[in-house]
Amino acid sequence: MRAVRYHEHGGPNVLQVDDVERPDPGPEEIRVAVEAAGVNPVDTYFREGGYEPPTLPMIPGSDFAGVVDAVGERVTEFGEGDRVFGTGLGNDRQGTYAEYAVAPADRAARLPDEVGFSEGAAAALVGVTAWRALVDHAGLDPTETCLVHGANGGVGHVAVQIAGAAGATVLATASEEYHDELRELGVDAPLDYGREDLAEAVIEAGRPDAILDHRLDQYLDFDAEVGTQGVRVVGIGNTRPEAGFENVAVARGKEMRLHLMSMYNTPDMAAVLRKLAHLLAAGDLRPRVSRRYKLSQAGDAQKAVLRNSFFGKLVVRP
C-alpha cells in the first residue's frame, strides 16, 4: 500500500509517500480501506518531535473514515464492508495517512450511510474532543450559556454544534468573515475576537457558564473576567507552555473551575463516536471540509493546518 511516512523529525519536507506492506489486524482490531484521513495540528507535533511517536518511520494521522477490509478473530461488532469512522491513532500506533490503517475496534464506530467519508474523518478527533470537553468535563446543561473560542476551527465549529444540540445558548469568537457560517451552524452570538471591547460584548451577550478554550495562554484571565460565578473552563490547547493567570484573584473570586484534557485519554472512544454518529445521521452535526489533499500533498496539508485561516477541517484522501 501507499502511505505517508516520516523517517526523521523535522519540517513538512520530511513527509514522503512510501510503498509499505499492508498491515494485518490483531485479534481485537479492524483493518480499514481508508477513504479519508483528518488533518490535525497534533499530527505536526509528532512529526516535529514535540510529542514522541512510538516508532520511526511513522505514518501520521489520528482520524480515519473508510470501509472495513478485514477483522480480527475476536471482533464481533464489525464485519467486512462496514462503513466506519474513528480516531485515536498516530499516538501509540501507526496513523491514517495511508491507503489502509489498522485500528482497535474500540476506537471506531459505524458511519451512517448518508454521511460522506470526508465528513466522517472530519468529525472524529474534533468531535470526541468537543464532546468530552462540553458534555463530560463541563457538564453543559440545556439552560446554560456556552462560549467557544476559535469557533471557525476544527474543534470549534463542531463544539458549537454539540453545544447547540444540547440546547445551550452558544457564543463564539471568530474572525468576522466566518460569522455567517457560524450562524448557519446555530451560533446565537458570533463575536469578532479582534474587537477591543470583546469582554464587554461577551458579557452583554450573556455571561457563559462553560467555556471551551483552545488558547489558555491568551484567554485564561479573559475567561475568568467574563464567566459566571462558578464558570467551568475546559482547556484543550495553548501556544506557549507557560500559560497561566496574571490575575488569579479574579479566578478565585469567580471560583472558576479549570479542567485540562487530552482527547487521547478518552476512556471509551467508541461510545462517544457512536453518539457523534447519531448527531451526524440526524443532521445535528455537519462537519465542514475546507479542503481535500492527496497523499503526495500531505506536507502542504500540515502547513495549512497550522498557518492558514479556514473554516472547518482539512482531510487527506488516499
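The following legends describe close-up views of a predicted model.

**Figure 1. The largest pocket and its lining residues.** The volume of the largest pocket is about 1,500 Å³. Its lining comprises 50 residues, and Pro 41, Tyr 45, His 214, Ile 236 and Gly 237 are those that lie nearest the centre. Two or more lining residues are given by each of α1 (41-48), α2 (117-137), α3 (154-165), β11 (210-213), α6 (216-226), β13 (257-260), α9 (298-307) and β15 (313-317). Helix α6 supplies the largest share, four residues. Sorted by class, the lining of the largest pocket has 25 nonpolar, 21 polar and four charged residues.

**Figure 2. The second largest pocket, with a contribution from strand β6.** For the second largest pocket the computed volume is about 160 Å³. The residues that line this pocket are Met 1, Arg 5, Val 20, Glu 21, Pro 23, Ile 59, Arg 93, Gln 94, Gly 95, Tyr 100, Ala 101 and Val 102. Strand β6 (residues 100-104) gives the most to the lining, with three residues. In terms of class, seven lining residues are nonpolar, two are polar and three are charged.

**Figure 3. The largest cavity.** The structure holds one cavity of 30 Å³ or more. The space in the largest cavity amounts to about 40 Å³. Lining this cavity are Tyr 6, Asp 43, Phe 46, Met 58, Ile 59, Pro 60, Gly 61, Gly 90 and Tyr 264. Six of the lining residues are nonpolar, two are polar and one is charged.

**Figure 4. Packing of helix α2 against helix α8.** The axes of α2 and α8 (residues 269-282) lie 10 Å apart, and the two helices pack at an angle of about 105 degrees. Helix α2 is therefore roughly perpendicular to α8, because angles of 65 to 115 degrees are placed in that class. On the α2 side, the contact is made by Ala 123, Ala 124, Gly 127, Val 128 and Trp 131. Helix α8 contributes Met 269, Val 272, Leu 273, Lys 275, Leu 276, Leu 279 and Leu 280. By class, the contact has ten nonpolar residues, one polar residue and one charged residue.

Figure 5. In α9, the buried residues are Ala 298, Gly 299, Ala 301, Gln 302, Ala 304 and Val 305.

**Figure 6. Asn 91 in the loop between β5 and β6.** Asn 91 is found in the loop that runs between β5 (83-86) and β6. Its relative accessibility is 27%, so Asn 91 counts as partly exposed. Beyond residues up to four places away in sequence, Asn 91 touches Phe 46, Pro 54 and Tyr 264. Asn 91 and Phe 46 are 45 residues apart in sequence, and their C-alpha atoms are 8.0 Å apart in space. Phe 46 and Tyr 264 are also among the residues that line the largest cavity.

**Figure 7. Gly 206 in the loop between α5 and β11.** The loop between α5 (198-205) and β11 holds Gly 206. Gly 206 is buried because its relative accessible area, 19%, falls under the 20% limit. Leaving aside residues up to four places away in sequence, Gly 206 touches Thr 145 and Leu 171. A distance of 9.1 Å separates the C-alpha atoms of Gly 206 and Cys 146, which are 60 residues apart along the chain.

Methods. Residues numbered from 1 in each chain as written. Predicted model: local features only at pLDDT ≥ 70, side-chain atom pairs only at ≥ 80, totals over all residues. Heavy atoms only, no water. 1 Å grid on protein atoms, 1.4 Å probe; cavity = no way out; pocket = protein on both sides within 12 Å on 5 of 7 lines; lining within 4 Å. Points joined across faces, edges and corners; volume = space filled by probe spheres on them. Nonpolar A, V, L, I, M, F, W, Y, C, P; charged D, E, K, R; others polar. Axes fitted to C-alpha atoms, helices over the stretch in contact; angles between N-to-C directions. Parallel < 35°, antiparallel > 145°, perpendicular 65-115°, else oblique. Contact = heavy atoms within 4.5 Å. Buried < 20%, exposed > 50% of the residue type's maximum accessible area, 1.4 Å probe, protein only.
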